[in-house]
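I opened my notebook to get to know a new structure. Here is what I looked up, step by step.

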Amino acid sequence: MKIDDAAARLEALGNRTRLQIYRVLVRAGRPGMPVGRLQEKLKIPASTLSHHIKTLVSVGLVSQIRESTTLICHANFDAMRGLVDFLAAECCADEIGCRDKQTAA
């Protein structure tokens, strides 16, 4: 992952509301969650939710699929794993004698 992509994703998750949205979608798992249910669960106005989801979609952390008249949001688990892997990729790289050294690709 490029550092600019990681920074954009971390910036998006740095907002309390977006982090709440993302955590709810992660908990929902692969089936995702309809936007209306997400709004009910978080108790935020539709326009606010739409604004924050748009940001999460733009950095690749969330995707949306329309099923008939329902818009379903899904956490992008590959993007989440990629971000976590990026953050941990160089764990202990400068520690002398560290056996579990990793370097970023």
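Before listing who touches whom, I noted that contact means heavy atoms within 4.5 Å. I also wrote down that this is a predicted model.

**Entry: helix 3 and helix 4**

I began with the residues where these two helices touch. Val35, Leu38 and Gln39 of helix 3 meet Ala46, Leu49 and Ile53 of helix 4. Sorted by class, the residues of this contact are five nonpolar, one polar and no charged.

Next I looked up the geometry. Helix 3 covers residues 35-42 and helix 4 covers residues 46-58; they pack at an angle of about 110°, and their axes are 10 Å apart. Angles of 65 to 115 degrees count as roughly perpendicular, so helix 3 is roughly perpendicular to helix 4. I jotted down the handedness too: this crossing is right-handed.

**Entry: helix 2 and helix 4**

Then I turned to another partner of helix 4. Helix 2 spans residues 16-28, and its axis comes within 10 Å of the axis of helix 4, crossing at roughly 75°. That makes helix 2 roughly perpendicular to helix 4. On the helix 2 side I listed Thr17, Arg18, Ile21 and Tyr22. On the helix 4 side I listed Leu49, His51, His52, Ile53, Thr55 and Leu56. The classes here are five nonpolar, four polar and one charged.

In what order do the three strands of the open sheet stand? I found the order 1-3-2, with antiparallel pairing. Strand 1 (33-34) and strand 2 (62-67) are at the edges with a single partner strand each, so one side of each has no neighbour in the sheet.

I then went through the pairings. Strand 3 (residues 70-75) pairs with strand 2 in the antiparallel sense over six bridges. Among the partners I checked, Arg66 is bridged to Leu71 of strand 3, and Glu67 to Thr70. Strand 1 pairs with strand 3 over two bridges, also in the antiparallel sense. There, Met33 stands opposite Cys73.

**Entry: the hairpin**

My last stop was the turn joining strand 2 and strand 3. How many residues lie between the strands of this hairpin? I noted two residues, and Ser68 takes a positive phi near 60°.

Key. Residues are numbered from 1 along each chain as its sequence is written. This is a predicted model: local features need pLDDT of at least 70, side-chain atom pairs count only at pLDDT 80 or more; totals for chains, interfaces and linings use all residues. Side-chain values use heavy atoms; hydrogens and water are left out. Axes are lines fitted to C-alpha atoms, for helices over the stretch in contact, and angles run from 0 to 180 degrees between N-to-C directions. Helices (H or I, at least four residues) and strands (E, at least two) are DSSP runs, numbered from the N terminus. Angles under 35 degrees count as roughly parallel, over 145 as roughly antiparallel, 65 to 115 as roughly perpendicular and the rest as oblique. A crossing is left-handed if the near helix is turned anticlockwise from the far one by less than a right angle, and right-handed if clockwise. Ala, Val, Leu, Ile, Met, Phe, Trp, Tyr, Cys and Pro count as nonpolar, Asp, Glu, Lys and Arg as charged, and the others, Gly among them, as polar. Two strands pair if DSSP finds at least two bridges between them.
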